[in-house]
Each structure stands twice: as C-alpha cells, then as structure tokens.
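Let's take a friendly walk through a structure together, going from the overall fold to one helix pair and then to the interface. Have your viewer ready.

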Amino acid sequence: MPYGRRALLSFAALLALSLGGSAALAPAGAADSTVTISQGVDPVTMDPLKRTITPTTNVHYNIFDTLVRQDREGKLLPWVATSWKRVAPTVWEFKLRHDVKFWNGDPLTSADVKFSVEKIKDPTEGSEQGPRVATVDRIETPDSYTVRYITAKPTAMIAGYPWQVFIVDSKYWKEHGDDVGHSSGYQAEHPMGSGPYIFKSWRKDEQLVTEANANYWHGRPSVDSVIWKPIPEAAARVAALRTGETDLITNVPAQYQLQLAGGRNTRLTSARSIRVLFFAFNTLRPGPQQNKLVRQALNYAIDVPAIIQTVLGGRAYAVNTPLPPNFVGYDPKIPFYHHDLAKAKALLAQAGYPDGKGIDMLINAPIGRYNKDKEIAEAIAGQLSQTGGHFTTKIQEWTTYVNFTSSRGLTPVYELAWGNNSYDADNTLTSLFTSDARLSTYANPALDKLIVDARYETDPKKRQAVYDKSLEIIHDEAPWLFMFQYEDLYATTKRLAWEARGDEDIFCDEMKLK
Amino acid sequence: MTAFLVRRAIGAVWVVVGVAVAVFLILHLTGDPAAVMMPPEATTQQIAEFRHNQGFDRPLWVQFGSFAWAALHGDFGNSLRHGEPALGLALERVPASVELAFSALALSVVVAVPIGVLAAVRRNSLLDLAARIFALIGQSAPVYWMGIMLILLFGVQLGWFPVSGIGGIKHLVLPTVTLGLFTMAQLMRLTRASMLDVLKADFLRTARAKGVQPLRLLWHHALRNAWLPIVTVIATELVTLFSQAIITETIYAWPGIARLAVQAIVDRDYPIVEVVVILAALAFVAINLLTDVFYAALDPRIRYE
C-alpha cells in the first residue's frame, strides 16, 4: 500500500533530522581556562549573610572574603585579617589588610566587618548564621583597619567564627536600601564582593558564572572563569564528569569510586569529613536504653569496621568518642568499643535482659540525608539482633524526621550525623550532650559543668584536661552507639588540580589546570 | 459557545480557590519549616524566634487570611529558601518546563500517530508487532531508569548529546525522548485501537466503494473520525507530562518548575509550593477548557449550548 511506505519514509526522515549533526559535540565550558563545578543543588541566594547551607556558601567563599581562612587541618590562616589576638579577657582584636577592595573599588574597612556582623545579628534579618556570632556581644572599630569583638564572657575559642562570616560592602548595601533593621532583597541577586572571583551572571538551577578578579589582593587566581552548574542526580553528575561537561563533582556515592578512579578522564579526591555519624539513645524517655549497661552492651554488639567496609566501601573511620582525631579536645587514650558479642550478651544479662529478652527497640533513621543513612541503620539493626533482642528500623524522610529531632521525639534509638567545622570539641559536646541543648537526649549535670568549664578555659592544657574527663564520662556512659567519621568523596577531570577538604569548602583560587 | 465559556471560567475560579485552600491546609498541618531551615546547632529559643518572625506561631486561620489576601494581590510572599518573591521565582522557571513538555508532546504525537495508524492498517504485520512491543516497553520502563540508560548510551558511550542542563537543541534531545516515551507509547496504542474501530465502520466501506484514494481515505475519512479520543488523551497527557517532568527535570538538571517544586517540598518552602500548585491548577483548567473548544472545531457534531 503506497501510503504506508510514504509515512515510514517521513518517519525515518524525522528520526534522521533529530539525530543529525550531533556527532561532533564539544564538551561544555569549551574555553580551556574555564572550570565547571557541579554540586547537587544550586546556591539559593547571593546574600552571604543569610544561609548556612554548604552548596550556597561554597559559591560565597569565592566571591566574598572572610577575616581568616582555615587550612585543611582547621588551623586559622591570616586572610583579610593579618593578625588577631586577645587584648583583654573578653576582647578579640583583628588587624585588617589595607589593600582589600570590593569589585566596585570601595575599600574593605572595619566598618564593613562591623556592618556584616550586625546585619547577621539583626532579628529582622532572620539569618541562620545567628548562632555563629552569638558570642559576639558588640563590635568596636577604633580605626578603619582595626576590629574588636567584645564577648560577654572570656571564650577559649576565637569569637564569632571569623572564617565563616563573609564581609559585605556596607556602603553598597546602604545605597540599595539594606541597613541594619531593614532589607530590600536586592542583595539576593546582586552581590558585591571582594573575593577572588567576580560574579557575572546567574540563571537559577542552570548556571552561575564567575570570572577571575584581576585585582585580587592575594593575586589573580589561576583559573580564568568558574561556572557553577548544579546536577541533582548522582548518576547524572558522574555521567557529566565522564563526558567532560563538568570538571568537579561533589557527593560521589561510594559505588562509583572504582569507575571514577580508573576512568580515562577522571580521578577521585577525598578527605576526612568533619561529619561524624552516630546512633543516639534517648535516655530522657523510659525504656531499657536508660540503663548504662544496656547501652554499653549494644556498643559491643555492633561491628563498625564491618559496616564501613560493606556499606561505605571502606570510606569512613571508626571513632571512640564523639570527636574525630583531628579535633581540638580529642583524647587518643580512650579505647574503642570493639566488636565482642559474648561481652555484649554478658552485660545484657547483668542488666537483667538475659539473651536479649525484654529488649524491643526501634531504630529511627532518615533517608537521603546522609551518605547511606538508611542502609547503615538496617545493618545496625541486623547486628544488634545477634544479641537476641528485637530491633526494627523506622525510616522517614528528612523533613518529617528533623521535626522529631527538635522535639526529642525519636526514641529509643535514632541516627544523626554532626558536622562541626570549628574542628573544636565545644560545638559538638554543647549541641549534643548538654541537658538543655535542643538535640541532646542525655542529661548529666556533672558533664554539663565540665563542658561549660572547658568553653571558658583559656589555658589550652587545662582545657584539654577538662575534655579528657568529659570524654571519659561520655565513653563510659555511652549515650551513643559510637560509629564513624565519614570520608567525603569528590571526583574531578584529570586536567584539574584540586584536592578535597574535610570541611566541604571549595576554594577555586586553589585550583590549577594542567 | 460564549455562555459555555463564561460558565466554565467561573467553574475554573472555584477549582483554583479549592486547590489553594487544600494546599495551604495540607502544608501547614504537616508541621512548619523552622526545624528544616535553621542550622542544627540553633537553640530552641532561636527556632522559636524564627517561627515568630515568619508568623508561623499565629492561628492557622489568621495565617490563611493574610495569605489569601496577599495572594489576591498577586503577592505569594517571599520564598523562605531564597528570600525573594515566590511568584517571580516560579514564573522564571515556566519557559524551560513548557519547552520540555511541548517538545515531548510534539515528539510523541509526530511519532505515535503515524505508527499507530500504520499498525492498525497493517494489523498483525511485523510493523504492528514491533509497534506493540515498543509501546509495551515505553509504558512499563520507569522514566528514572530510562533517563539514566539514555544518558549512559547516547551521552557517555556515544557522546552524541550533552547529559545535563539546558542549552541548544542538542540539550533538548535526551530529556525530550525520556519524557515523551511514556506518552508516545500511550498514544500509539490508543491511535491503533481507535483506528481499528473506525476502519471497521460502514462509512469507510462506502467511501472505499465510491473509489476514494487510499491515502485520502485513511487520513481524511478514517483518522478524522478516530481523532476525538486521541485529542482527549493528548490533553490529559499534558498533565501526565508535567508530573513525569519532576523526574526528568531532576535527572537532566533541567531548570524547570518541577525541579523547583521538588526542592521546595524538601525544604518546606511553603510560598513556593503554594505558587507552583496554584499555577499547575490554572494550567490544567486552561488545558481542559481548550480541549473542549478544540472538540467543537474537530467534530462539527459537537456544539456547546
């Protein structure tokens, strides 16, 4: 029948049309000195004083400056501040460089630092960064290049997280209707920074383009142009890296590590994360988890190295306390709860639960929040069941789960991970182990006192001694199933020289192209 | 016809109002965004302050009242996540979504209708068998899986198409095929079935007996009468395309409104979710209305009085 053939022909022509001319496809970001970075999500705002989420602050780190920077071990390096010291028990003084300029030529001065911190503290701003500058009571600016943070009490740690607070151009902000007390919303899409990369354009969820700042005080960065192009799906992120459409991808799932490490065009880079995963016992709610012996027994019943090996492809490090070894306050003398099922059963019997009889525990966990969160919870439930007790998992979406964590409503066991980029014990212990902390489900007045003492102890040796004591209590009381510190995986194209950092930050001025 | 349109437009307003009320209640009854939005080390007091500043501590009916009043003036509030007006954020993603949805629909129609017709005409031929197998795969393969497979084959192995993002025609190909496949399969089966019905009809036999040219017989007499169910499905498929776009836009990092919606739900960004749902309701109402009008144009026997 003639019409059949003609229709077939036109269909074939259509197919050919849609496929034609696509053979010679150049990778995106074609210019040689352009680097494309693909995180899972797009930044949400260019106002650097509002949010705390990593994919957003990663862009801010490259277009704004901070008073200091952290090196890979968390040590503070001079940046806009050339030096800092405690000049009185409650006064931290920063001396600023004189040659830092915003892109519009405005000099960066102490007034800009003061404005930035005050804007964060301004209640009408609704900034999530409030907790970072909570210890800074007020700010003095004796001259244009000296800033003083005044705290209510002497603090051991430097005040105000100066490696995380971005400095904005106060003159530019005021010109556009943004001052302490009111906001115009203009900054959300029109940043004016002093950083190594100049913001050029941004189409949301598509790409954000930045160009090297030729006049940067620390020298012009090596890579001419950096494009931030988000790709939400991990498999698609990996595919885009393999085709060279992007040069750097974050949050690489462990199952891709062999493929990417052995790739023609790709390489892996990883770092010990500042994030520690744990299962907490809710000791504030009734149940066998209120018995210390039960908590210790369950710590002996789990085999953390086996979970790291099988679930995370070896990409994690077991911890003996809530602190990873590269943190201030870490105590290497504290032993690990090694896997010992016999001991676990003996402790359970001693606690009144022979062969695990009478133990029926729900293990709560989120899904899609942490690397392999659900799988880890399921593995833990399996291992704990070896004691003879009954363990089941309850997995929930993060948005639902997080509401329960706030109300201490998850019981008797729940999974969380804690990222602390101060590399200091205070944030972790205060947030997770003091009686009145929102996320703490453990209460011990003796421990509360030690943690507060350490916070205000300015002699490092004495402070470490207080932490040693605190960690001994935590280890013995076992309010957690102690798990591991993650290792973060990134992958890059082979032409890009850049190494991963444990704090999840990406500094593009550290990048070089081969 | 005018009276009909006016009636339908009034009905449409009620649908949108109903949707707005429902989405507001569902969002606000399932908890507020404070815990998701605030950093983990925030204290209970800081969270309470955030809640107060955002007005989440007011009675629900007060919150709804101020939402409805502002929405009537085109103000859906600022996105909690972005700190910018939610309506603008949503509207700027519409073109990308429309581009993808319509190209997927166009591809489906252009491929599915001719093949469906041919499969009906040459029933039980090799072509018919191939078309049916293709339809089976197209309808049963999950969009998610199909998307990844297309990326691996045409992006990574063959290097024909870019694997993510928006750009020229080349960027459009893989997402269009992924999104269009399900609809294509659906339409192909329907066209085939509809044509099979019509081909058996008396008037076709009469036409054939009159000596009408085969091609004219098929396109003019048969397909014209088989169109009605096909058009209905094309319209409803547009709705399906929007929901499937949630997955397609995520896999291909397509900057559309569905991806914005997913992220907003994850963050409990109320204003964005409300705007997107209301915009979707408006779109669906408009599509349905257009379909009804289109019926009348297609089939002279249909008249709205």
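What percentage of the 514 residues of chain A count as buried? The answer is 50%, and, as with everything here, that value comes from a predicted model.

Staying with chain A, you can pick out 14 helices and 21 strands. The C-alpha trace of chain A spans about 90 × 80 × 40 Å along its principal axes. A compact globule with 514 residues would have a radius of gyration near 24 Å, and the 26 Å of chain A agrees with that. As for contacts in chain A between residues at least 6 apart in sequence, 69% join residues at least 24 apart.

Now zoom in on a helix pair. Helix α13 (residues 445-456) and helix α14 (residues 460-477) of chain A have axes that come within 9 Å and cross at roughly 155°. Angles over 145 degrees count as roughly antiparallel, so α13(A) and α14(A) are roughly antiparallel to each other. The crossing of α13(A) past α14(A) is left-handed. Among the residues making this contact are Leu447(A), Leu450(A) and Ile451(A) from α13(A), with Val466(A), Tyr467(A) and Ile473(A) from α14(A). By class, the contact has eight nonpolar, one polar and three charged residues.

Finally, turn to the interface, where 55 residues of chain B are in contact with 49 residues of chain A. Several helices of chain B each supply at least two residues to the side that touches chain A, including α6 (94-121), α9 (169-199) and α11 (214-251). That side of chain B has 34 nonpolar, 13 polar and eight charged residues.

Technical notes: Residues numbered from 1 in each chain as written. Chains lettered and ligands numbered in written order. Predicted model: local features only at pLDDT ≥ 70, side-chain atom pairs only at ≥ 80, totals over all residues. Contact = placed C-beta atoms within 7 Å. Helix = DSSP H or I, 4+ residues; strand = E, 2+ residues; numbered from the N terminus. Nonpolar A, V, L, I, M, F, W, Y, C, P; charged D, E, K, R; others polar. Axes fitted to C-alpha atoms, helices over the stretch in contact; angles between N-to-C directions. Parallel < 35°, antiparallel > 145°, perpendicular 65-115°, else oblique. Left-handed = near helix turned anticlockwise from the far one by under 90°. Rg over C-alpha atoms; globule rule 2.2 N^0.38 Å. Buried ≥ 20, exposed ≤ 12 C-beta atoms within 10 Å, placed from the backbone.
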